[in-house]
Each structure stands twice: as structure tokens, then as C-alpha cells.
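This report is a first walk through one protein model. The sequence and the structure come first, and the description follows.

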Amino acid sequence: VAGFWLKIRSLPNLALPQTLHEKFLWRKIIDRDPRFVCFCDKLLCKQYMARCFPEVKCAKVLWQGHDTRRAPVKLFATPGYLKANHASGYNCKLGADGLDLEKLHVTTQRWLRRKWHRLYGEWGYKDVQPKLFIEEDIGRQNKGHQLIDLTIYVFDGTISHIAVMADHKTATTSFARFDDTGRRMANGEYPTARMERIARGRDAGPRRVLPDDFELPAGIDQILALARRIAEDFDHLRVDFMWNGEAYYFSEITLYSQGGFVLYSDQNLLDRMADLWDLRRSWLLTNPQTGWRKLYASWLGEHLDNRGTAS
């Protein structure tokens with residue numbers, strides 16, 4: 001709650017959330033869907049996708065373990081990514097000359113010691129067992145083509161928008177937003193310099209705008225349909241894919257976008273996302289509860305209107 005005040009400059013209504021940021025905070029603290037643990041574990045999520053959506057490509061895992069000194073040395077000289085499964089932003093690009101393996105070992109051990117759920121209050125990470133893994137570089141398969149990230153925000157089957165980023169998390173990152181029909185939306189990622197600094201504290205984030213003539217990759221309609229299928233049993237999921245110029249690859253499922261503080265300057269879009277987020281479809285209100293959760297779920301259900309927002 002203190003973090004909410006520092007970022008949003010208001011006190012949240014946690015009992016009866018209405019805004020997008022309040023609903024993210026409510027998910028962090030109250031909605032304890034056991035499936036969240038799988039989605040917060042990057043390795044388990046890959047297994048989930050292979051089991052439930054076998055037609056979807058995922059970047060191959062080339063090694064996994066707890067000590068980089070036990071990984072094949074040749075992997076560090078080959079284009080790929082070293083990541084931690086239990087957090088956001090813990091990754092390192094491999095294949096560059098002069099990589100200090102001992103320093104990398106020290107850094108990754110620090111990653112493993114950090115408890116992500118304690119740092120940011122994101123409950124889904126609480127029971128994820130920290131692990132390191134090396135993943136193939138899918139961009140290597142089509143050199144010279146920009147790697148495109150597509151983050152698809154799905155609310156009970158409805159897509160509010162698609163955030164598209166080229167060369168994500170690099171010095172040349174550029175972005176744009178599109179609706180579910182492929183129409184480009186207004187840009188303006190952050191409303192103030194202060195909010196941009198806050199958002200960029202956890203993620204390098206986008207700086208530039210994609211060219212006016214940028215078009216969504218071919219086959220996007222099938223990917224949007226797939227995102228809806230993946231998220232169909234949830235009140236809200238963000239489903240991420242990457243396009244390397246030849247094929248789409250599943251990236252991750254995100255529960256707490258930007259740590260729960262999506263700071264777009266387009267207030268209408270934030271309001272639409274909040275309106276689409278129907279808490280009646282949440283785990284808390286669609287599964288039997290006990291104790292105080294049972295009492296609270298009953299009370300909350302009585303105070304939500306037919307759109308799942310406070311009446």
C-alpha cells in the first residue's frame with residue numbers, strides 16, 4: 001500500500017477496487033489463484049504451454065540449474081539468453097566477446113537469493129523455486145530482422161490493446177499500441193517525467209515510437225485468437241509473444257504488468273482496462289472459499305454490478 005501511494009499518489013480502495021491500479025493491488029494481496037505460481041515460473045510456464053497448447057513455439061531451453069559454472073562453457077559464447085525463472089528483468093545476453101564468467105556467476109547467485117514476492121508484493125512468485133536457465137536466441141534464426149515483442153492484454157476474452165515493441169530492452173527500443181482490429185492507437189506511454197522514471201525503474205521500457213508505416217506481422221489474427229484461448233478462464237492475463245520475421249514464439253504470461261502500475265498517459269485506455277476487468281471472473285469469486293475469504297467474497301459479490309465493478 002505504501003508503494004501504491006508513492007507511485008499513484010492516492011490511497012487504494014482495496015476492499016472494493018475500481019481503478020486498474022487498485023485491481024492489480026487487489027490481485028497481489030487478495031486473489032490467490034494457485035495457477036498463478038505456474039505462470040510466474042518461466043520454466044513451468046513453458047511446460048504448461050507445451051502441454052496445453054502444443055502448436056505454439058517456445059524458445060528452447062539449452063540448460064538449467066543453480067550454478068552457471070556447471071553449464072557448458074560453449075553456451076556462453078553462443079547467442080542466447082541467461083535468465084532466472086522467478087523474477088522479471090533478470091536476464092543477460094550471451095555470445096559477446098569478453099564475457100566475465102566469474103562476475104556472471106556472482107551476479108546470478110545474487111539473483112537466486114532475491115525474493116521477488118517480498119520486493120514487490122507479487123504473491124504469485126512466492127512459491128516459485130528459483131532457478132537459472134539458458135534459452136536460445138530466436139532472433140538469430142533470421143538475422144537482420146527486428147525482433148518484435150507483442151504484449152496482448154486480455155480481459156475475460158476481450159483484448160483491450162496490443163503493445164508492440166521492436167528491439168525491446170535495447171537502446172533502440174521503439175513502440176506503438178494497436179487495438180484488436182489492428183488499428184494503431186494514440187501513443188504517449190507515460191504522463192509525466194516522474195512516472196516515466198518510476199516505470200523505468202523495473203524495466204528499460206520503450207523510448208521511441210515505431211514508424212507511421214509500421215504494420216503488425218502477418219498472422220496476427222491467429223495470435224490474437226490464441227491469446228484469447230490461453231486467457232479464457234481468467235479475469236485478466238497479459239499474454240506475450242515474439243515475432244522473429246519467420247514465426248511467432250510464446251514469451252510469457254504476465255499477471256502484474258509493470259508491477260501493477262501501468263502508467264499510460266491515455267487515461268481513457270486505463271479506464272477501459274479497468275472496466276473490462278470483471279472481478280466476478282476472478283479465482284476468489286469463482287471458487288469455494290473458507291474463513292474470512294468466504295465472507296469477503298460473498299460481500300464483494302453483492303457490491304459488484306453486472307460489469308464486475310463497484311456498484
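In which loop does Gln 258 lie? Gln 258 sits in the loop between E10 and helix H10 (267-276); helices (H or I, at least four residues) and strands (E, at least two) are DSSP runs numbered from the N terminus. The phi angle of Gln 258 is positive, about 50 degrees, although Gln 258 is not a glycine. Its relative accessible area is 30%, so Gln 258 is partly exposed; buried means under 20% relative accessible area, exposed over 50%, and partly exposed in between (1.4 Å probe, protein chains only).

The model is predicted: local features need pLDDT of at least 70 and side-chain atom pairs count only at pLDDT 80 or more, while totals for chains, interfaces and linings use all residues. Residues are numbered from 1 along each chain as its sequence is written, and side-chain values use heavy atoms, with hydrogens and water left out.

**Overall make-up**

The protein has 12 helices and 10 strands. Of its 311 residues, 51% are buried. Among contacts (heavy atoms within 4.5 Å) with a separation of 6 or more, 66% join residues 24 or more positions apart.

Helix H2 is largely enclosed by the rest of the structure, because nine of its 10 residues are buried. The buried residues of H2 include Leu 20, Phe 24, Trp 26 and Arg 27. Ile 29 also belongs to helix H2 (residues 20-29), but Ile 29 is partly exposed, with a relative accessible area of 33%.

**Salt bridges**

A search of the whole structure finds 12 salt bridges, each being a side-chain nitrogen of Lys or Arg within 4 Å of a carboxyl oxygen of Asp or Glu.

| Pair | N to O distance |
|---|---|
| Asp 235 and Arg 27 | 3.0 Å |
| Arg 229 and Glu 55 | 3.1 Å |
| Asp 240 and Arg 238 | 2.6 Å |

Asp 235 lies in the loop between helix H9 (220-230) and strand E9 (237-243), and Arg 27 in helix H2, so the pair ties together parts that are 208 residues apart in sequence. Both Asp 235 and Arg 27 are buried.

Arg 229 lies in helix H9 and Glu 55 in the loop between helix H4 (42-52) and strand E1 (61-65), so this bridge ties together parts that are 174 residues apart in sequence. Arg 229 counts as partly exposed, at 40% relative accessibility.

Asp 240 and Arg 238 are both buried. Elsewhere, a network of salt bridges links Lys 46, Lys 83 and Glu 135.

Phe 39 is part of helix H3 (residues 35-40) and counts as buried at 4% relative accessibility. Not counting residues up to four places away in sequence, Phe 39 touches Cys 45, Tyr 48, Phe 234, Leu 237, Ile 253 and Leu 255. Phe 39 and Ile 253 are 214 residues apart along the chain, yet their C-alpha atoms are separated by 5.8 Å.

Thr 254 is found in strand E10 (residues 248-254) and is buried, with a relative accessible area of 12%. Leaving aside its neighbours within four places in sequence, Thr 254 is in contact with Leu 237 and with both Arg 238 and Asp 240, the two residues that meet in a salt bridge.

**Aromatic rings**

How many aromatic pairs does a search of the whole structure find? The search finds 15; rings of Phe, Tyr and Trp (its six-membered ring) pair if their centres lie within 6.5 Å, with planes under 30 degrees apart counted as stacked, over 60 as edge-to-face and the rest as tilted. One aromatic cluster is formed by Tyr 90, Trp 111, Trp 116, Tyr 120 and Tyr 125.
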